[in-house]
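Trainee: I have a structure open and want to learn how to read it. Can you take me through it feature by feature?
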Amino acid sequence: MFDSDLDHKKKHGGAGALARPAEQSSAVSPNLQRRAFLVTSMATIAGLALWQWRKPAILEAAPAQAAEPKEVTVVLFSDSGERLKKVRVARIVKNAAEWRKQLPAGVFDITRNADTEIAFSGKYWKVHDKGLFRCICCDNALFDYATKFDSGTGWPSFWAPIAAENVTELRDSSLGMVRTAVSCTQCDAHLGHVFDDGPEPTGLRYCMNSASLRFVPRT
Ligand SMILES: [Zn+2]
């Protein structure tokens, strides 16, 4: 009779009750035990939630740091479009506050947070003058007018960068699409995306944000 009563209590006391010695179980009311068990469980859940919340940031930071070289190779160009030489230069790394100080808000959002300007709103989609397009953040030469074409998209479009070394292409699976994002090799500024529906000779369409570029007209 006693044994079966005790068993009954144990079965309904939960893991907390089972873990306690028999004499302690009889001294502490089942309600208090249950409350202690619940508090412990909630603390464990909160701890787990915090751990899981922190975990992705740590995992994301580690490979990103390992993958970022201190030096990069770019090709230098004069303002008149003359190819000068291939050089190793220090990768430009600034924190968000430093970039915000240097760039207008809209340019910051596009170049540092991979935002996209509204089609036909930028200042270069219909510019076809002779000249060079440099990075708005670091002046790295990016595109030449000779490869610019009218894509009808409302964004400045080119069929090739001025030098393959000067831009970096990365798979981008944001917004439910798989695209290839294009950034400045020297400072990681987001420039736009590249698609394979461009004209000859490459068949590529570098669809850029005007806000990421600075046009240097040829004199
Ligand atoms: Zn740059």
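Trainee: What share of the 219 residues counts as buried?

Mentor: Keep in mind that this is a predicted model. Of the protein's 219 residues, 34% are buried. The exposed surface comes to about 13,900 Å², and carbon and sulfur atoms supply 59% of that area.

Trainee: How many helices and strands does the protein have?

Mentor: Five helices and eleven strands. Look at contact range too. Take contacts between residues at least 6 apart in sequence: 51% of them join residues at least 24 apart.

Trainee: Where does the pLDDT fall below 50?

Mentor: Begin with the average. The protein's mean pLDDT is 81, and 69% of the residues score at least 70. Residues 1–28 lie below 50, and this stretch has twelve contacts in the model beyond near neighbours in sequence. Residues 45–64 also stay under 50. For residues 45–64 the model has zero contacts beyond four places in sequence.

Trainee: Now the metal. Which residues are the protein donors of the zinc ion?

Mentor: To read a metal site, list the donor atoms, then check the angles. Here the donors are the SG atoms of Cys135, Cys138, Cys184 and Cys187, lying 2.3 Å from the zinc ion. Along the chain they follow the spacing C-x2-C-x45-C-x2-C. Cys135 and Cys187 link distant parts of the chain, 52 residues apart. Cys135 sits in strand β3, while Cys187 is in the loop between β8 and β9.

Trainee: Why is the arrangement around the zinc ion tetrahedral?

Mentor: Ideal angles for four tetrahedral donors are 109.5 degrees. In this site the four donor atoms subtend angles of 100 to 114 degrees, so the arrangement is tetrahedral.

Trainee: Is Cys135 buried or exposed?

Mentor: The cut-off for buried is under 20% relative accessible area. Cys135 has 0%, so Cys135 is buried. Cys187 is also at 0% and counts as buried. Cys184 counts as buried at 0% too.

Trainee: What is Cys184 in contact with, leaving aside its neighbours within four places in sequence?

Mentor: Its contacts include two other cysteines, Cys135 and Cys138. Among the others are Asn140, Leu142, Asn166, Ala189 and Leu191. Cys184 itself lies in strand β8. Its C-alpha atom is separated by 9.6 Å from that of Arg134, 50 residues apart along the chain.

Trainee: Which strands pair with β3?

Mentor: To read pairing, count the bridges and note the direction. β3 pairs with β11 in the antiparallel sense over five bridges. Three bridges join β3 to β4, and these strands also run antiparallel. β3 and β4 form a hairpin with five residues between them. In its turn, Asp139 has a positive phi of about 75 degrees. As for cover, five of the five residues of β3 are buried.

Trainee: In what order do the six strands of the open sheet run?

Mentor: Read across the sheet: β5-β6-β10-β9-β8-β7, with antiparallel pairing. β5 and β7 stand at the edges with a single partner strand each, so one side of each has no neighbour in the sheet. Inside the sheet, β8 and β9 pair over four bridges in the antiparallel sense. Ser183 stands opposite His190 in β9.

Conventions: Residues numbered from 1 in each chain as written. Predicted model: local features only at pLDDT ≥ 70, side-chain atom pairs only at ≥ 80, totals over all residues. Heavy atoms only, no water. Donors = N, O, S within 2.8 Å, 3.2 Å for Na, K, Ca; no water. Tetrahedral: all angles 85-135°; square planar, octahedral: opposite > 155°, others 65-115°. Helix = DSSP H or I, 4+ residues; strand = E, 2+ residues; numbered from the N terminus. Buried < 20%, exposed > 50% of the residue type's maximum accessible area, 1.4 Å probe, protein only. pLDDT = per-residue confidence, 0-100. Contact = heavy atoms within 4.5 Å. Pairing = 2+ DSSP bridges. Areas by Shrake-Rupley, 256 points an atom, 1.4 Å probe, with all protein chains shown as cover.
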